[in-house]
There are 2 protein chains.
Amino acid sequence: MNNKEITLKDLSDPHELSRLSIPQCDKLCGEIRENIIRTVMKNGGHLSSNLGTVELTVAIHRVFRSPADKIVWDVGHQAYTHKLLTGRYDDFSLLRKNGGISGFCRPSESEHDAFISGHSSTSISAALGMAEAMRLNGDRHHAVAVIGDGAFTGGLAYEGLNNAGKSNNNLIVILNHNDMSISKNVGAFARYLTSIRGNTAYLNAKKKIEYILGNTPFVGEPIKKVIQTSKSALKSVLYHSTMFEDMGFVYLGPIDGHNISELEDALRAAKKLHRPVFVHVNTVKGKGFRPAEINPGAFHAIPSCGYRKSNPNNDVTDSFSETAGKTLCRLAEKNPEICAITAAMKYATGLQYFSAKYPERFFDVGIAEQHAVTFAAGLAKGGRLPFFAVYSSFLQRSYDQLIHDASIDKVHMVLGIDRAGFVGEDGETHQGLLDVPMLLTIPGVTVYSPSTYRELEMCIESAFFGTDGVAAVRYPKDCEKVTFGAEDTDSFIITENGSRKLTISYGRIVHNLYAAAESTECDVMKLVKIYPIDKQIIELCMNYDEIYFFEEGSRHGGAAEHLLTELYGNGYRGKFVITAVDGFAKQASLSECLDKYSLSEAKMIKILNNCAEERIET
Amino acid sequence: MNNKEITLKDLSDPHELSRLSIPQCDKLCGEIRENIIRTVMKNGGHLSSNLGTVELTVAIHRVFRSPADKIVWDVGHQAYTHKLLTGRYDDFSLLRKNGGISGFCRPSESEHDAFISGHSSTSISAALGMAEAMRLNGDRHHAVAVIGDGAFTGGLAYEGLNNAGKSNNNLIVILNHNDMSISKNVGAFARYLTSIRGNTAYLNAKKKIEYILGNTPFVGEPIKKVIQTSKSALKSVLYHSTMFEDMGFVYLGPIDGHNISELEDALRAAKKLHRPVFVHVNTVKGKGFRPAEINPGAFHAIPSCGYRKSNPNNDVTDSFSETAGKTLCRLAEKNPEICAITAAMKYATGLQYFSAKYPERFFDVGIAEQHAVTFAAGLAKGGRLPFFAVYSSFLQRSYDQLIHDASIDKVHMVLGIDRAGFVGEDGETHQGLLDVPMLLTIPGVTVYSPSTYRELEMCIESAFFGTDGVAAVRYPKDCEKVTFGAEDTDSFIITENGSRKLTISYGRIVHNLYAAAESTECDVMKLVKIYPIDKQIIELCMNYDEIYFFEEGSRHGGAAEHLLTELYGNGYRGKFVITAVDGFAKQASLSECLDKYSLSEAKMIKILNNCAEERIET
């Protein structure tokens, strides 16, 4: 193989990489980068993180034998090279498309995706589970977790580390250290990592690796003598110098993450040890693509419509997130108690204005949603009005804190739940379909789901000043659509067309519903405060023979089911048809998702005309 | 005050403690211990942990001014001294009783309980929130988190620490280091703490404290010279030697946690610094009560019926937990793939047999429920059959992992959900009332709720070998009650008395229901597999005019509401009365709880005879 030109499509098995020379690998890396840039600029997806791990991924597949060795990519937004090298080169053009390759790891997609990914900080725990299973199975292969420094701000990563170090299994944790999560990393741990990133106080990584590989003695004679005669403190500096060694790992690093042969040596050394090893790899986010190297934040995620310099989706000046951020700024001017919290999502949730204007009252806590809520509760107990802006799917991490630290004691805080509803191309792991069922299980919460910017403003204001306990305002990743025929409100609006049929919905799809109701001449109720249900809503519903509830959210325990049980208790016995999402929704464009789950205007009309083949009705 | 005999009941304000002499304090500590031992042996509660913090609590209240300074007790099972010193001496005899003093911290109970507690690892985040609020308010008081080494196995504590160190606020974290959580602590971090517990390599804590308090120079001249001339590595050993200093804290310790004057000096020094300080305090669990000092695990929690040597509740030989543990052992013998996981609850969940018999397949992960589920998913991906035994209320911490790491990829694991239903005296923070609504929001889960030991065995077996994805088997903190007239099953049983009224329930209260149904001549359906609902159940229900569902769980999104929506979709229009729990249930004995929420036999009969004044019906 060594004498031929090797291109990506020649590789049928990732382990064939081990037969390439280093120059051939470097060439291949160039081809990989081109492919990633071309595809992402067209389909959208994560760019900077993927460009940073090209050499690392090639080195991993040269040293380890996937799928017997298990490679677990934390978050998975750096695994495109891995996908290209593991049989998905041909399908890569369908990245993030309906029916195509996922932008994250999906075991259902390839046996080389050892574990599902999407949410942060899971890889060490998952890889440790696999390493322990292999140990019990008598299997000498390795489990390899690849995790960025950003993911280390999540407590789950620490829980994994705490458990990993104590066992004698074949776990290797590779820290992909680029000093950035999505925006600049926060917290003491990040500072600590950076302090050791270039540290020369330890034993030279090269020496350690050469020693493990059997090439040279670990330490030279003069150093040995010093260690033997000096106090234990000095010994610990030389032998036992990082937090990771305190946690029971062998620490190797820092390694240049763009030098394949250096990476390979380190990984081979790690593999040879057959015990938990922590490999510290320095990478450059956006490597090899100048605009992304200079501004990795801007190239973190490219929208699904592709990258254009003047694309409003790139600077998000017209979106619910943006409106939430600006509303918060406006309210904060008059209300010095208002504080804002983000879990490493300052820009994506529109909090950049607040952070610039009120830096003292702004808290980026890292990817730590549990802490965000408990910390918010602490702020509230100190007389502050906290606003935690968070993606719907990531809020799942705060479930216990919302119950235990906030709701039982009726602590007042506002959740700005962004990416509520379908997120489209990111797929199952990122869908915002469970926040309503989740919140409705918690006694005392209030949930708003506005459908316009003006409503969003009204809801945030009502959530702060018109409720107690936990109040959530949820909104989609989208810009508003102007709907004729409905006023803005923070409670509900009914539009009567003289029909015996009432249609109900909330949030973004209200736009579709108004159109569908008009052409079918149904009455329409737009809910904005969706929980608890206003008594007046119950009374109004009692007047109808048929009710059709359309919900862009999970069916079980959702707002529609809740309304039905309330109506039933009130004596309603008419038709009640729920159209909502069952199961985990796969990646597809927003309009494909809405259509698939019968939440598009056309599908709504079909259901209202009773000619749909939908199963859910009475 | 110095010349009088001072007893507990003389103190009206905790700050009066500062006027006592050290010998007076020591005497008071003796009185506090007596009071705690007497009350706990009678009412039940946490003994060892509370005896370990007597001097620490006295010292805290001598140095800080609660409630202006905020004292946050992690978990809260060490806060009895705090309660006795903050105006609750007279009511202390009602500890854990209906309407009495909580065994944990409750802001609703006293302004001195700065933050709610019950679940582990929340204190640093909460105290940091309060410290930041005070900083913004221009308030120079302190927030003090008191947290045990056991709680440091939870990722939330790490998230708090990671965020705390970077800010210049008045946060003090006191590590109450007793080397035990409930059973012996696990994980690399615990080992690390122990390694520094008696470490003499740092600058003597006393010197550091004296320096801060302004009494002596920080380091003597000879040491100064060494530092100035030596390499930075040596400097870091002397100046910057613990993980906590790496995280941005000033580290003071280790301090003798039973020496009030040493504690006071350290706390005064910490207070003076006005920046994040970490105070490492060594305590002895069970201090001052010989049986508890020798065996702190056995005296961790005393049951509500009080302590008796031969009390079966102390060795739990007859309970659902015990049956689950033994069933697991039996299945594990034939199935080498079965592994068991606990989050620091080996004994309480009956896993001690498994851990003794199959130590290789047993994993105590510390108080890390997030990790437990993701780790279990990793084990399952490696071909293992994981069983995670966990309290209902603590499982809330795993919500995202159950969705993201397990259910989307349909990873097969079994949850043994212990303490499902009312837990009685532990109150709101520990009730097992939300697991059913929580699990029902997750697509693809299976939920069993057996009512007898034999059913528990059948359900665990079915969960392992008859389901896929996440299968949960939930059971109460209790022993079984023999119910006449119902066979054991892992699905459901209907007992027909020829009535048009059907009563339905599941779990422990089925015992009450059978009795109530007999005296009212209703038909009875016992559900064991409560989700997903069997089609046959729907068909059978359709035959009745009235259905009464009794649920020992939260109403919103529970099994009863779910059945109603399924029945409605199938055309059922009869009466459907749900009796379940609304809101957060307060502490009381089990029978008081059941009676309060109309789940006792007598109250069920009332409802079935329609003479109840319950609101929930149609």
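In this predicted model, the C-alpha centres of domain 1 and domain 2 of chain A sit 31 Å apart. Domain 1 takes in residues 8–202 plus 241–302 of chain A, domain 2 runs over 314–474, and domain 3 covers 492–608. Where domain 1 meets domain 2 in chain A, 21 residues of domain 1 are in contact with 16 residues of domain 2.

As for the chain as a whole, chain A carries 26 helices and 19 strands. It has 618 residues, and 61% of them count as buried. Take the contacts in chain A between residues at least 6 apart in sequence: 77% of these join residues at least 24 apart.

On to confidence. Chain A comes out with a mean pLDDT of 90, with 89% of its residues at 70 or more. Two stretches of chain A call for some care when reading the coordinates. Over residues 229–240 of chain A, pLDDT stays under 50, and the model has twelve contacts beyond four places in sequence for them. Residues 613–618 of chain A also stay under 50, with 14 such contacts in the model. For the complex, the predictor gives an ipTM of 0.94 and a pTM of 0.94.

Next, how the two chains go together. The contact between the chains draws on 91 residues from chain A and 91 residues from chain B. On the chain A side, helix H5 (residues 123–137) supplies the largest share, eleven residues. Sorted by type, the chain A side has 41 nonpolar, 35 polar and 15 charged residues. Since 100% of the interface residues of chain A are also interface residues in chain B, the copies meet through the same surface.

Two local spots are worth a look. In chain B, helix H8 (residues 205–212) has Ala205(B), Ile209(B) and Ile212(B) as its buried residues. Looking down the axis of H8(B), these fall within an arc of 65°, so they line one face of the helix. In general, an α-helix has 3.6 residues a turn, so residues three or four places apart point the same way. The buried residues of H8(B) pack against strand E5 (250–256) and helix H12 (260–273) of chain B. Just after H8(B), Gly214(B) adopts a positive phi of about 85°.

The other spot is Val414(A), which belongs to strand E11 (residues 413–418) of chain A. With 30 other C-beta atoms within 10 Å, Val414(A) is buried, the cut-off for that label being 20 or more. Leaving aside residues up to four places away in sequence, Val414(A) touches Phe387(A), Ile460(A), Ala463(A), Phe464(A), Ala471(A) and Val473(A). Gly466(A) is 52 residues from Val414(A) in sequence, and their C-alpha atoms are 11 Å apart in space.

Terms used
Residues numbered from 1 in each chain as written. Chains lettered and ligands numbered in written order. Predicted model: local features only at pLDDT ≥ 70, side-chain atom pairs only at ≥ 80, totals over all residues. Contact = placed C-beta atoms within 7 Å. Helix = DSSP H or I, 4+ residues; strand = E, 2+ residues; numbered from the N terminus. Nonpolar A, V, L, I, M, F, W, Y, C, P; charged D, E, K, R; others polar. Domains from an automatic or database assignment. pLDDT = per-residue confidence, 0-100. Buried ≥ 20, exposed ≤ 12 C-beta atoms within 10 Å, placed from the backbone. Arc of directions from axis to C-beta.
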